[in-house]
Amino acid sequence: MRSAMAKRVRTRIAPSPTGDPHVGTAYVALFNYALARQKGGQFVLRVEDTDRQRSSEAAEEMIYEALRWLGLEWDEGPDVGGPYGPYRQSERSEIYTEHAERLVQSGHAYPCFCTKERLDELRAEQKAAKGRFGYDGRCRSIDPREAAERRAAGEAHVIRLAMPTDGEIVVDDLLRGEVTFEAAQIDDQVLVKSDGYPTYHLANVVDDHLMEITHVIRAEEWISSLPKHVRLYEAFGWELPVFCHLPLLRNADKSKISKRKNPVSLNYYRRAGFLPEAMLNYLALMGFAMPDEREEFTLAEFVEAFDPAKISLGGPVFDLEKLTWLNGKHIRGLDPADLLGRLRSEQLGDEYLLQVLPLAHERIDTLADFIAYAGFFFVGDVDYDETAKKKMVAKDLTPAQTAKVFRTLLEESLDPILEWNLESVEQAMRAHCERHDLKPKQLFMPVRVAVTGRTATPGLFDTMAVLGKEICRRRLRVAMDVLRTMKT
C-alpha cells in the first residue's frame, strides 16, 4: 500500500444533494467510515452541490438524517465544521477559480471558445463516421495571448484540461492493481463551465487534496474518471491518494441497482421498519466477508475486522429478501424493552401517529376500529384482493396501460418532489392529469388502491402525504407488477 497509509488516515463521503439519500451512498460511506475509525483517522462529509439546478437544502438535510440514522457520524462537515472548510462546494467557488487559473497559466488547461452549435456539429460528424466521441481539441492550438484577449473581452468559453495525446496512463487501484488507459481515447475534459462553475472533476480533485484526503474510496463507476483525476494531480504537482473503487451494488439481473427494480432510498427502509444496524450489516456483506465467515455482526465488529485490501470485487446483488431475513435476525436479537423503544420511536412514534389519527378520527366508532381502518399506514407493502385489483385498473384502460400510467406518473411527476406534502402531491397529480389528458377520477382511484390496497380511505392526497414518498413509490411499483400479470 502507498505511503498515504503512513499518514493520518482521512476518508470522505461526498454525496450530491439532488434527491433521496441512496443506499449506494450508505454503502460507500460505510467503507470509508470503517477505515477511518479503525486507523484512528477522520471521516469527512463533503456536499458536492455544484449542480445548481438539481441541488437543494431539503435533499442535503435528508442526507444528514439518513446517515445519522445509520450511526455513521462524521468528524467534519458542513453542519459540524472543521479545519478544512467550507465543506459545501457551492461555497468554494473562489478556490476552484484560483486553481483553474493556475492550470491555464502553466499550460495544463486552456480556454475553449467552441459554441454549442459547433460541438453539436462535431458530435454529428463523429456519429456519422462511427468514430470516437469527444472534443477534438480545436481551441488547444489558440495562442495563449489571443486566448487571454478573447477572455478579457468577455467571449463565452469553458476551461478544458489538456490531456496527453499519446501513450498510456497507468493508475494504481487498491483492489484492481494497475489500471491502464490509452491517452488518445480520453478527450480534454471541461473543468470550468461557461457560467464559471467547476465541473465535478476539478472540484473533486482540488477538495480531496486541500482536505488532505488520503484514501479515495468510491464506486467503480468513477474508474473511467481516474486518468483525468491523475492528470490533474500531476498538473498541480500533488501526491496521489490511495484509490479504491468499490464494486457497484446490482440488481438480480446484474444491472446497476435502480429504483425501478428495488427501493433505493434509505428513507424507504427506515419507514418500512428496517433496523439501521441490519442495513449496515447487510451493506458490509455486499463487499466484505468476516474472517470467521459469519453473516451477522455489529458495526463495531466490522470496523475491527475491516481490511480494505480484502474487499470482494464480485458484483454484489442487492437482495431485498436477504436484507429482510437479516433484519428479522436483528429484531429477534433485541430484548422486548428495546423492541418497544424502537417501535415507539419509528412506526408508533407520537409524531407519526398524530399525522394518522386526524385522518381516522371521524371514521371510527371504537378504539379497536382504528387498527382495522388505518392498518395500511403501518405496513411496508399492502395486499390487493380481487376487488382491489379490478378497481386499480383505470377506466377505459387495460391493466398494462394502467401500469404505464403509473410509471409515467412516478418518473415525471412524483419522483422529482423533494418536499413531499399534501399541497405538493396534489399539485403534481392534478398537473399530471392535465399534461396527459387524464380525468382526475381516472387516475385518482387506481392510485388510491395502489398505495393503500383499499377503495375506501381518507382523502387521497392526505393519505399519500402521511404515507410518505418512499412508501408510495414502492407500492406504486409493486402495483405495476401486479397489473402486468393481470389479463386484459
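Me: What makes lysine 469 and aspartate 20 a salt bridge?
Reply: In this predicted model, the closest N and O atoms of lysine 469 and aspartate 20 are 3.8 Å apart. The cut-off is within 4 Å, so the pair counts as a salt bridge.

Me: Why is this pair said to tie parts of the chain together?
Reply: Lysine 469 lies in helix α20 (residues 469-485). Aspartate 20 lies in the loop between β1 (10-13) and α1 (23-38). The two parts are 449 residues apart in sequence, so the pair ties them together.

Me: Why do lysine 469 and aspartate 20 count as buried?
Reply: Buried means under 20% relative accessible area. Lysine 469 has 5%. Aspartate 20 has 17%. Therefore lysine 469 counts as buried, and so does aspartate 20.

Me: How do you know that glutamate 101 forms a salt bridge with arginine 151?
Reply: Their closest N and O atoms are 2.6 Å apart. The limit is 4 Å, so the pair qualifies. Glutamate 101 sits in helix α3 (residues 93-106) and arginine 151 in helix α5 (residues 144-152), so this bridge ties together parts 50 residues apart in sequence.

Me: What makes arginine 250 and glutamate 220 a salt bridge?
Reply: Their side chains meet at 3.4 Å, N to O. That distance is set against the 4 Å limit, so the pair counts. Arginine 250 is in the loop between β9 (242-246) and α8 (266-271). Glutamate 220 is in the loop between β8 (215-219) and α7 (226-236), 30 residues apart from its partner.

Me: Why does aspartate 49 have no salt bridge?
Reply: Arginine 88 is the nearest side chain of opposite charge, and it is 5.2 Å away.

Me: Why is leucine 339 called partly exposed?
Reply: Its relative accessible area is 31%, so leucine 339 is partly exposed. Leucine 339 is in helix α12 (residues 336-345). A patch residue needs over 30%. Together with Leu343 and Leu348, Leu339 forms a nonpolar surface patch of about 210 Å² accessible area.

Terms used:
Residues numbered from 1 in each chain as written. Predicted model: local features only at pLDDT ≥ 70, side-chain atom pairs only at ≥ 80, totals over all residues. Heavy atoms only, no water. Buried < 20%, exposed > 50% of the residue type's maximum accessible area, 1.4 Å probe, protein only. Lys, Arg positive; Asp, Glu negative; His and termini not counted. Patch = residues over 30% accessible without salt bridge, like charges linked within 9 Å, V, L, I, M, F, W, Y side chains within 5 Å. Areas by Shrake-Rupley, 256 points an atom, 1.4 Å probe, with all protein chains shown as cover. Helix = DSSP H or I, 4+ residues; strand = E, 2+ residues; numbered from the N terminus.
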